[in-house]
Amino acid sequence: MSLLDVTPRSLDEYVATGGGRGLEVALGANPDAVIEEVAKSGLRGRGGAGFPTGDKWRSIRSTGTGARFAVCNGAEGEPATFKDRTLLRTNPYQVLEGLAIAAYAVGAERAYVGVKEAFSQETQAVRRAIEEMEQAGALGPTPIELVLGPDLYLFGEETGLEEVIEGRLPFPRIARPFMFGLFAQPPDDNPTLVNNVETLANVAHILADGPDWLRSTGTDRSPGTMVFTVCGDVRRDGVFELPLGTPLRHLVEDRAGGPPEGRSLKAIFPGASNTVLAPSELDLPMDFDSMREVGSGLGAAGFAVFDDSACMVKAARLYSRFLYVESCGQCPACKFGTGEVTKLLAKVESEGASDQDLESILVRARGSTDGQKCALPTGESLLIQSVVQVFTEEFTSHAGGACPFPRELPFHKIVDWDAEAGRFLYDEAYASKRSDWTYDS
């Protein structure tokens, strides 16, 4: 059984398909034994970093002082991603069961599900599922609370998510949740577990059917399936669950149908925080280690596809602007570095740039991170440098003349799925979104 195989309309339907068995097994075992089962499965985080889940749980349970907490991160905001929202819409029960198991395993006194307030369908699905499961006593001993937050990218950053749970704007913290967690006051550091929606969706199945359930697919170091989003210049947008290690070609050409008729593939953006992929890399296995070996990353498994009619200068500016607009402004290198890169890319796009401006883009992108592990400056540094370097000739010719690719490009910030058209809907208003949200009253 895969994560997208069951779409229950009620808790009764979920239980009829085997739901609830994982939590039952977990509550009948020692918490350390539960963690060991997850570790044996080889489950790695599906939110971007791919960190071993069992190791994360073990560190939360065994280190630090004070109360423990567990958090499900459902604040999906990466461009070209819709997988967590799909999982919350179709089967919130497996996500909540996974969170209940995680909370029990790490000894959490309370658990939270963070969802953007703009996600109305997901909010309704999670709220209904919590109410049903509470009434049926199907959530275990740890109370679970739904927390709604702003439609900001940094709400999905784990420390920004902590800030929202505590009632503030999502300004990221330097200390990671396992170092200084929710409601912590020295000398207590309150270690807090933060797991992605898809990560937790796997947990109930692992406990119910054993570690081999996950290891039956995928690779040795990246076992299981992953839910991939693909959109842009393809014949079929969609969310597809595939074994980790599946070639990128299968996703883009077989599942998504490849580029439109008469067009050829030009570039693939794996989210906003990894390096661009060229057509020559279509046979790359989609797993954490293979992607890292070529200098890119699997991230949240969202892929925006561009065909040969797309202008890479425009694409780079759209993604750079996203990283600039969503910056919290706490670190000058990020806020002003990404802002300057965005301005320079707009200058190249308007055909008024020089070779020196192109060099400045690389320098500014390289220096836009101050060494912190935040996705925004990391994305600016990795993605923008790679696009300019891979498509140097296009950037150079664009700076000195008219754009040979005049069509407008959408920004792949997905807001919904149009079932009738079989396409994703993008946030058309995002182009005018302000970059000073941190200063709003």
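Glu145 is partly exposed, having a relative accessible area of 32% (buried means under 20% relative accessible area, exposed over 50% and partly exposed in between, with a 1.4 Å probe and protein chains only). The model is a predicted one, in which local features need pLDDT of at least 70 and side-chain atom pairs count only at pLDDT 80 or more, while totals for chains, interfaces and linings use all residues. Residues are numbered from 1 along each chain as its sequence is written, and side-chain values use heavy atoms, with hydrogens and water left out.

The structure holds 36 salt bridges, a salt bridge being a side-chain nitrogen of Lys or Arg within 4 Å of a carboxyl oxygen of Asp or Glu. Glu145 forms one with Arg110, with the closest N and O atoms 3.3 Å apart. Glu145 lies in strand β3 (residues 144-149) and Arg110 in strand β2 (residues 108-116), so this pair ties together parts that are 35 residues apart in sequence. Helices (H or I, at least four residues) and strands (E, at least two) are DSSP runs, numbered from the N terminus. Arg110 is partly exposed, with a relative accessible area of 30%.

A salt bridge also joins Lys116 and Asp151, whose closest N and O atoms are 3.4 Å apart. Because Lys116 lies in strand β2 and Asp151 in the loop between β3 and α8, the pair ties together parts that are 35 residues apart in sequence. Lys116 is buried at 2% relative accessible area, whereas Asp151 is partly exposed at 28%. For Asp307 and Arg407, the closest N and O atoms of the salt bridge are 3.5 Å apart. Asp307 is in strand β8 and Arg407 in the loop between α17 and β9 (414-418), so the parts tied together are 100 residues apart in sequence. Asp307 is buried at 3% and Arg407 partly exposed at 28%. A network of salt bridges links Glu162, Glu163, Glu166, Arg168 and Arg173.

Glu76, in the loop between β1 (68-74) and α5 (83-90), is buried yet has no salt bridge; the nearest side chain of opposite charge, that of Arg85, is 5.2 Å away. For charge, Lys and Arg count as positive and Asp and Glu as negative, while His and the chain ends are not counted. The side chain of Glu76 reaches the backbone nitrogen of Asp84 at 3.0 Å. Beyond its neighbours within four places in sequence, Glu76 is in contact (heavy atoms within 4.5 Å) with residues including Lys116 and Phe119.

In helix α17 (residues 392-400), the buried residues are Glu394, Phe395, His398 and Ala399. They lie on the same side of α17, because they cover an arc of only 130° around the axis, the arc being that of the directions from the helix axis to the C-beta atoms. The face turned away from the buried side carries the exposed residues Glu393 and Gly400. Among the elements covering the buried residues are β7 (265-269) and α16 (375-390).

Most residues other than glycine have a negative phi, and most peptide bonds are trans. Phe183 has a positive phi of about 55° and is partly exposed at 39% relative accessibility. Ala301, with a positive phi of about 65°, is buried at 0%. The peptide bond from Pro186 to Pro187 is cis, with omega near 10°. Pro187 is found in the loop between α8 (158-165) and β4 (192-196), and Phe183 is also in the loop between α8 and β4.

Key. Polar contact = N/O pair within 3.5 Å; in protein donor to acceptor, adjacent residues only side chain to side chain.
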